[in-house]
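Please keep the sequence and the model in view while reading.

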Amino acid sequence: VDFYKGQPSQCITLKLNKAFQAEESPSVIYCISMQWFREWEGFVKGKDNEPPGPIDNSKIAVIKSGHVQLKQGADYGQISEETWNYLFTIYSGGPEIAMRQNIVQTDLDSPQGERKIEAETRAM
């Protein structure tokens with residue numbers, strides 16, 4: 001368990017986060033409970049000695065028509081698929097909440113070149 005505490009985990013996560021931010025429009029964004037993420041962050045920064053339990057997205061998820069969706073007004077963070085896979089491999093848990101982004105040009109003649117991002121949850 002100590003392998004995932006401190007520098008190695010923090011470095012990997014920082015690299016994954018920088019790669020995610022550099023990606024202009026990722027096709028899929030994963031949602032993670034900020035409550036769980038803050039517990040994990042405290043652990044990897046050495047503030048907490050106990051690792052967090054499994055990822056718990058139950059407070060930010062709702063099931064509609066048999067699909068897991070993000071609950072409206074939920075306290076969540078957006079992470080890349082690579083970061084989700086990394087954390088899930090170590091901690092397991094869930095449910096997995098992935099949003100597919102569709103970039104739609106709203107006004108081609110607009111000088112600002114406005115773009116609208118439509119998010120939909122992906123069926124798991």
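A residue is called buried when its relative accessible area is under 20%, exposed when that area is over 50%, and partly exposed in between. The model discussed here is predicted.

**Overall arrangement**

The protein chain contains 3 helices and 8 strands. Followed along the sequence, these elements give the pattern α-β-α-β-β-β-β-α-β-β-β. Of the 124 residues in the protein chain, 33% are buried.

**Salt bridges**

A salt bridge is counted here when a side-chain nitrogen of Lys or Arg lies within 4 Å of a carboxyl oxygen of Asp or Glu. By this rule there are 2 salt bridges.

| Salt bridge | Closest N and O atoms |
|---|---|
| Arg38 and Asp75 | 2.8 Å |
| Glu41 and Lys45 | 3.6 Å |

Arg38 forms a salt bridge with Asp75. This pair links distant parts of the chain, the two residues being 37 residues apart. Arg38 belongs to helix α2, whereas Asp75 is placed in the loop between β4 (67-70) and β5 (76-79). How accessible is Asp75? Its relative accessibility is 42%, so Asp75 counts as partly exposed. Arg38 has a relative accessibility of 44% and therefore also counts as partly exposed.

In the other pair, Glu41 forms a salt bridge with Lys45. Glu41 has 29% relative accessibility and counts as partly exposed. Lys45 is partly exposed too, with a relative accessible area of 45%.

**A negative surface patch**

Glu39, Asp48, Glu50 and Asp56 form a negative surface patch. One of these residues, Glu50, is found in the loop between α2 (34-44) and β2 (55-56). Its relative accessible area is 62%, so Glu50 is exposed.

**Helix α3 and the residue after it**

Helix α3 comprises residues 81-91, and its buried residues are Thr83, Trp84, Tyr86, Leu87 and Tyr91. Why do the buried residues line one face of the helix? Seen down the axis of α3, they fall within an arc of 165 degrees, so they line one face of the helix.

Just after α3 comes Ser92, which takes a positive phi of about 55 degrees. Ser92 is placed in the loop between α3 and β6. With a relative accessible area of 36%, Ser92 is partly exposed.

**Backbone features in the loops**

Most residues other than glycine have a negative phi, and most peptide bonds are trans. Where is Ser65 found? Ser65 lies in the loop between β3 (61-64) and β4. Ser65 has a relative accessible area of 71% and is therefore exposed.

The remaining feature concerns a peptide bond. The bond from Gly94 to Pro95 is cis, with omega near 0 degrees. Pro95 is located in the loop between β6 (93-94) and β7 (97-105).

Methods:
Residues are numbered from 1 along each chain as its sequence is written. This is a predicted model: local features need pLDDT of at least 70, side-chain atom pairs count only at pLDDT 80 or more; totals for chains, interfaces and linings use all residues. Side-chain values use heavy atoms; hydrogens and water are left out. Patches are made of residues with over 30% relative accessible area and no salt bridge: like charges are joined within 9 Å, nonpolar side chains (Val, Leu, Ile, Met, Phe, Trp, Tyr) within 5 Å. Accessible areas come from the Shrake-Rupley method with a 1.4 Å probe; for residues, only the protein chains shown count as cover. Lys and Arg count as positive and Asp and Glu as negative; His and the chain ends are not counted. The place of a charge is taken as NZ of Lys, CZ of Arg, CG of Asp or CD of Glu. Helices (H or I, at least four residues) and strands (E, at least two) are DSSP runs, numbered from the N terminus. Buried means under 20% relative accessible area, exposed over 50%, partly exposed in between (1.4 Å probe, protein chains only). The arc is that of the directions from the helix axis to the C-beta atoms.
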